[in-house]
Amino acid sequence: MRIRVGHLYPDYLNIYADRGNIAVLEQRAAWRGHELQVQTVSMGDRVEAGAHDLLYVGGGQDREQALVAHDIAGKGEELRKAAAHGVAMLAVCGGYQLLGRFYRERSGAELPGAGVLPLHTVWGDRRMIGDVLLECELEPGSTRTLAGFENHAGHTILEDGAKALGRVVAGFGNDGSSGSEGCRAGRVIGTYLHGPLLPRNPWLADWLLAQAIGHQTGEAPILELLEDSLEDLAHSVSSARARARGGRAR
Ligand code: GLN
């Protein structure tokens with residue numbers, strides 16, 4: 001199959017090698033005989049209805065977020081329609097914040113968001129930095145762990161009806177106190193986890209690929225398992241670092 005991916009603002013939102021997430025999706029799709037077709041969707045571009053099976057947006061400093069905020073807010077209706085039609089989405093850190101309603105930055109100015117996820121973010125003077133480990137259940141009865149790295153000043157508040165992506169085992173997560181990390185709405189995943197995220201969490205990469213294929217076929221397939229010993233090692237090293245982190249660890 002040809003899996004159509006829209007990469008939002010790769011020229012503005014790409015820190016901590018977030019671009020690497022696309023490379024992982026590309027390779028894991030190819031190992032199953034699928035092809036990833038990646039299209040850049042940036043300033044002034046439209047999110048054409050039905051053009052994508054998966055949308056991806058990386059993280060960025062406040063300065064870059066301020067540059068893209070009004071543009072992504074202008075794409076809000078298209079992005080909400082895409083989510084409603086079952087397009088899979090992965091949004092990391094600054095991109096995650098801009099999928100919410102707004103990000104109130106240090107100056108107090110509110111950067112508008114796309115309003116895809118029921119949340120908002122407020123800048124705080126304590127940066128939340130370090131390795132993170134969370135437990136999440138994307139499929140009922142299947143609890144998995146996600147390991148990554150966070151670096152954000154934004155404190156994200158989940159609003160009524162919002163579902164966290166996971167429970168913080170070690171690290172800060174959305175706000176350093178609620179014990180929740182990220183947000184999940186159907187096939188839309190938002191998270192603070194950089195790293196990049198997917199090389200050390202191959203199960204999530206496969207889940208996103210399956211959801212993207214499901215957007216085309218109507219049903220997310222069970223993808224054949226791959227030999228992931230290196231990825232699993234990266235996951236366990238990252239998890240051990242998070243657990244050993246101490247500090248704000250729970
Ligand atoms: N600029 C945002 C914050 O500090 C997001 C940072 C990021 O993407 N790592 O919270």
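Is D131 buried or exposed? D131 is buried, with a relative accessible area of 12%, where buried means under 20% relative accessible area, exposed over 50% and partly exposed in between (1.4 Å probe, protein chains only). This is a predicted model, in which local features need pLDDT of at least 70 and side-chain atom pairs count only at pLDDT 80 or more, while totals for chains, interfaces and linings use all residues. Residues are numbered from 1 along each chain as its sequence is written, and side-chain values use heavy atoms, with hydrogens and water left out. Helices (H or I, at least four residues) and strands (E, at least two) are DSSP runs, numbered from the N terminus.

**Salt bridges**

- The whole structure holds 14 salt bridges, each being a side-chain nitrogen of Lys or Arg within 4 Å of a carboxyl oxygen of Asp or Glu.
- D131 pairs with R241 in a salt bridge whose closest N and O atoms are 3.1 Å apart. D131 belongs to strand β7 (residues 119–139) and R241 to helix α6, so the bridge ties together parts that are 110 residues apart in sequence. R241 is partly exposed, at 44% relative accessible area.
- E135 forms a salt bridge with R167, with 3.1 Å between the closest N and O atoms. This pair links distant parts of the chain, E135 in strand β7 and R167 in strand β9, 32 residues apart. E135 is partly exposed at 31% relative accessibility, and R167 is partly exposed at 44%.
- E35 and R2 form a salt bridge with the closest N and O atoms 3.3 Å apart. E35 is in strand β2 (residues 35–41) and R2 in strand β1, so that distant parts of the chain, 33 residues apart, are linked. E35 is partly exposed at 40%, as is R2 at 45%.
- A network of salt bridges links R28, R32, D206, D228 and E231.

**Surroundings of E159**

- E159 sits in the loop between β8 (142–158) and β9 (166–170), and E159 is buried at 19% relative accessible area.
- The side chains of E159 and R101 are joined by a polar contact of 2.9 Å. A polar contact is a pair of N or O atoms within 3.5 Å; within protein, one must be able to donate a hydrogen and the other to accept it, and residues adjacent in sequence count only if both atoms are side-chain atoms.
- Leaving aside residues up to four places away in sequence, E159 touches R101, P118, L119 and H120, contact meaning heavy atoms within 4.5 Å.

**Helix α5**

- Of the 16 residues of α5, 14 are buried, so the helix is largely enclosed by the rest of the structure.
- G218, with a positive phi near 100°, follows α5.

**Backbone features in loops**

- The peptide bond from G195 to P196 is cis, with omega near 5°. P196 is in the loop between β12 (188–191) and α5.
- Y9 is not a glycine, yet its phi is positive, about 50°. Y9 lies in the loop between β1 (2–8) and α1 (20–30) and is buried at 0% relative accessibility.
- C93, likewise a residue other than glycine, has a positive phi near 50°. C93 lies in the loop between β4 (88–92) and α4 (94–97) and is buried at 5%.
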